[in-house]
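Biologist: I would like to learn how to read a structure like this one. Please take one feature at a time, with the general idea before the case.

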Amino acid sequence: QVDLDQRRRTPAQWIPRADLVAILDEAVRATASMGDVPGPPVARVYGAEVRQAAAVEGTWRVEARTEKGAVVLQAPLLVGADGLRSAVRDALEAQAAAQGRAGAFAVAKQLPCPSAGLRYKVLTLPPGMPLCRRTGAAHDPAVAYVLRSAPSCKPSLRAGLLPVRSAERGRSANFITRDGHPLWAHESLAQMQVYLKEAFPHVPLDAEHVGEAELERFARARGGRFPAPQRCKSAALVTPGEGEGAPTAAAVLAGDALHSFPPDLGQGVNSGLQDALRLAHWLDEHEVRFSGAGHLGGPPGL
């Protein structure tokens with residue numbers, strides 16, 4: 001274990017995805033109600049899967065599916081921040097091809113990286129859960145831990161816990177392996193419980209401590225795979241409307257949809273936030289506004 005305070009440095013802390021989304025959501029709420037003039041209405045739709053996107057008559061029409069059914073969203077500016085397998089990027093490539101620019105949103109280059117291709121999945125540990133069967137001591141949120149498998153476990157397995165400000169919502173144990181590791185062969189609750197008990201006899205990674213539902217979810221989870229550092233050729237697409245003075249539909253990519261990094265480079269979320277900041281500056285610089293009709297407005301020539 002590594003105690004960051006003992007190293008006399010500013011503690012680094014991991015922000016769980018749920019907390020980061022809550023921070024951004026609150027920022028959206030605050031921004032939409034700033035100033036004397038109300039901002040554009042903001043509809044927050046979570047858990048939606050984009051099925052189709054196309055520029056039609058100066059606006060982007062996005063069809064998505066949620067747990068409650070299909071939804072249709074329309075906007076003059078579409079920001080594709082939907083990850084490495086971006087459905088928005090695919091839509092931009094199709095739109096660019098229709099304009100005679102096929103391949104404009106293809107991956108420009110992939111760079112070699114030792115962690116590219118590694119598989120990962122995450123087990124959520126409940127608050128106050130002990131990390132040692134012998135002592136029963138609870139984990140300290142300010143401390144980073146590496147859970148090592150027993151010497152008898154071949155190939156070996158590790159789980160990493162990054163420091164967090166508070167463990168009130170639990171804490172993530174990150175498992176990272178190469179292809180073909182036995183961890184991925186156990187897809188049922190019973191199989192996973194037996195495997196983890198054999199691999200970590202000193203750590204109570206069982207249904208009693210972790211929770212049966214969470215352990216079963218972990219067993220069935222397909223996890224993810226670290227990408228190679230890469231970027232696509234284009235970042236934005238403008239689709240003029242038909243006829244003089246017709247509204248224009250615009251789209252940009254951000255985050256992993258535009259450029260992706262494996263986590264050991266520590267640049268994924270940081271670069272995505274920089275994308276958002278640069279886009280905001282660009283919109284302000286060009287005095288872009290969203291009219292009540294849902295069209296982009298700005299200086300002549302935009």
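Biologist: Which residues does Phe226 touch?

Modeller: Contact means heavy atoms within 4.5 Å. Leaving out residues up to four places away in sequence, Phe226 touches Ser115, Ala116, Gly117, Leu118, Tyr120, Ile176, Pro262 and Pro263. From Phe226 to Pro262 the C-alpha distance is 5.2 Å, although 36 residues separate them in sequence. This is a predicted model, in which local features need pLDDT of at least 70 and side-chain atom pairs count only at pLDDT 80 or more, while totals for chains, interfaces and linings use all residues. Residues are numbered from 1 along each chain as its sequence is written, and side-chain values use heavy atoms, with hydrogens and water left out.

Biologist: Where is Phe226 placed, and is Phe226 buried or exposed?

Modeller: Helices (H or I, at least four residues) and strands (E, at least two) are DSSP runs, numbered from the N terminus. Phe226 sits in the loop between strand S11 (224–225) and strand S12 (230–232). For accessibility, buried means under 20% relative accessible area, exposed over 50%, and partly exposed in between, with a 1.4 Å probe and protein chains only. Phe226 counts as buried because its relative accessibility is 11%.

Biologist: How do I read a salt bridge, and how many does the structure hold?

Modeller: A salt bridge is a side-chain nitrogen of Lys or Arg within 4 Å of a carboxyl oxygen of Asp or Glu. The structure holds six. In one of them, Asp179 meets Arg225 at 3.0 Å, N to O. Asp179 is in the loop between strand S10 (171–177) and helix H3 (189–199) and Arg225 is in strand S11, so this pair ties together parts 46 residues apart in sequence. Asp179 is exposed at 52%, and Arg225 is partly exposed at 38%.

Biologist: What about a salt bridge within a helix?

Modeller: Arg220 and Glu216 form a salt bridge, 3.3 Å from N to O. Both residues belong to helix H5 (residues 212–220), four residues apart, or about one turn of the helix. Arg220 is exposed, at 55% relative accessible area, whereas Glu216 is partly exposed at 28%.

Biologist: Which side chain of opposite charge is nearest to Lys121?

Modeller: In this scheme Lys and Arg count as positive and Asp and Glu as negative; His and the chain ends are not counted. Lys121, in strand S7 (residues 119–125), is buried and has no salt bridge; the nearest side chain of opposite charge is Glu187, 7.5 Å away. A polar contact is a pair of N or O atoms within 3.5 Å; within protein, one must be able to donate a hydrogen and the other to accept it, and residues adjacent in sequence count only if both atoms are side-chain atoms. A polar atom of the Lys121 side chain lies 3.3 Å from the backbone oxygen of Ala221.

Biologist: How do I read the order of strands in a sheet?

Modeller: Two strands pair if DSSP finds at least two bridges between them. S2 is joined to strand S3 (residues 59–66) by seven bridges, and Gln52 has Glu63 in S3 as its bridge partner.

Biologist: Where is Glu57, and what is its phi?

Modeller: Glu57 lies in the loop between S2 and S3. Its phi is positive, about 50°, although Glu57 is not a glycine.
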